[in-house]
Amino acid sequence: MLIIGIAGGTGSGKTTVVNKIISSLPQGEVTVIPQDSYYKDSSHIPPEERSKINFDEPASIEWTLLAEHLRQLKAGHAIEMPTYSYLTCTRQEETVKVEPRDVVIVEGILVLNDPTLRKMMDVKVFVDADADDRLIRVIARDCVERGRTPQIVIDRYQDVLKPMHEMYIEPTKRYADLIVPQGGSNAVAIGLLTDYIDARLRRAKQSF
């Protein structure tokens, strides 16, 4: 099993990179573990306070559960991945069964921040993009998917996203084996990454 960590700022194009990797490999060889599924449950916090939760700091993630699930997948066992609702800021009762695959992609803004996860990764990728481009994508996404107004998104970007990016996300670039500038539009970098993954998989299959 090849474990790939893909990090980068909010709106940097991580999902696009992940989708291009999936489409370049044979169907059924890749499974994706989103960091967002492992946000800590906030159902004990009054609803009016949940909107103030800082989702961009490492303390918001249940890293121990994420690492344990990766260990189980690597051992050949299926997991029950949690689900999280941004609308209610709570972990849902429903889980998603995830089977082991040849390639497991762990994707999220902070996945290179946790030292335990980094040690488990075979390849570490940081998807980079200009701050203006990331802000535009965040506004478009949050207004459509999370019911926020543009002004709320801009205020949150200035108060939370930007300082957290500079404090926790940008510094993890130094841990990356590959930096993908220009996000998901960098066909050359994505091609190099997918070629490397494909070569690793072929070598692993030939060794059996």
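Student: Where in the structure is G5 placed?

Tutor: G5 belongs to strand β1. Helices (H or I, at least four residues) and strands (E, at least two) are DSSP runs, numbered from the N terminus. The model is a predicted one, in which local features need pLDDT of at least 70, side-chain atom pairs count only at pLDDT 80 or more, and totals for chains, interfaces and linings use all residues. Residues are numbered from 1 along each chain as its sequence is written, and side-chain values use heavy atoms, with hydrogens and water left out.

Student: Why does G5 count as buried?

Tutor: Buried means under 20% relative accessible area, exposed over 50%, and partly exposed in between (1.4 Å probe, protein chains only). G5 has 0% relative accessibility, so it counts as buried.

Student: Which residues does G5 touch, leaving aside those up to four places away in sequence?

Tutor: Contact means heavy atoms within 4.5 Å. Apart from residues up to four places away in sequence, G5 touches V106, V111, M121, V123, K124 and V125.

Student: What makes β1 and β5 a pair of strands?

Tutor: Two strands pair if DSSP finds at least two bridges between them. Strand β1 (residues 2-8) is joined to β5 by five bridges, and the two run parallel. Within this pairing, L2 stands opposite V103 in β5. β5 also pairs with β2 in the parallel sense, over five bridges, and there T31 stands opposite V104.

Student: How do you know that β5 is largely enclosed by the rest of the structure?

Tutor: Five of the five residues of strand β5 (residues 103-107) are buried, and therefore the strand is largely enclosed. V103, I105 and E107 point one way from β5, while V104 and V106 point the other way. In a regular strand the side chains alternate between the two faces of the sheet.

Student: What is the order of the strands in the open sheet?

Tutor: The open sheet has five strands in the order β2-β5-β1-β6-β7, with parallel pairing. From one strand to the next, the twist averages 20 degrees. For β7, the pairing is with strand β6 (residues 123-127), in the parallel sense over three bridges, and V127 stands opposite V180 in β7.

Student: Which strands does α1 lie across?

Tutor: α1 lies across β1, β2, β5 and β6, and runs at about 155 degrees to β1. Axes are lines fitted to C-alpha atoms, for helices over the stretch in contact, and angles run from 0 to 180 degrees between N-to-C directions. Helix α3 (residues 63-74) also packs on the sheet, where it touches β1, β2 and β5; its direction makes about 170 degrees with that of β5.

Student: What makes a space a cavity, and how many of 30 Å³ or more does the structure hold?

Tutor: On a 1 Å grid over the protein atoms alone, a cavity is a set of points where a 1.4 Å probe fits but cannot get out, whereas a pocket is an open set with protein on both sides within 12 Å along at least five of seven lines; lining residues have an atom within 4 Å of a point. Grid points are joined across faces, edges and corners, and a volume is the space filled by probe spheres set on the points. The structure holds one cavity of 30 Å³ or more, and the largest cavity contains about 40 Å³ of space.

Student: Which residues line the largest cavity?

Tutor: The lining consists of T10, D56, R134, Y157, L161, H165 and I169. α6 gives the most to this lining, with four residues. T10 itself lies in the loop between β1 and α1, and with 11% relative accessibility it counts as buried.

Student: What is the volume of the largest pocket, and how many residues line the pocket?

Tutor: The largest pocket has a volume of about 550 Å³. Its lining has 26 residues, of which K14, T15, D36, E107 and R141 lie nearest its centre. The largest share of the lining, five residues, comes from α1.

Student: Why does C89 count as buried?

Tutor: C89 is at 6% relative accessibility, and therefore counts as buried. Its place is in the loop between β3 (79-85) and β4 (90-98). C89 also has a positive phi of about 55 degrees, although it is not a glycine.
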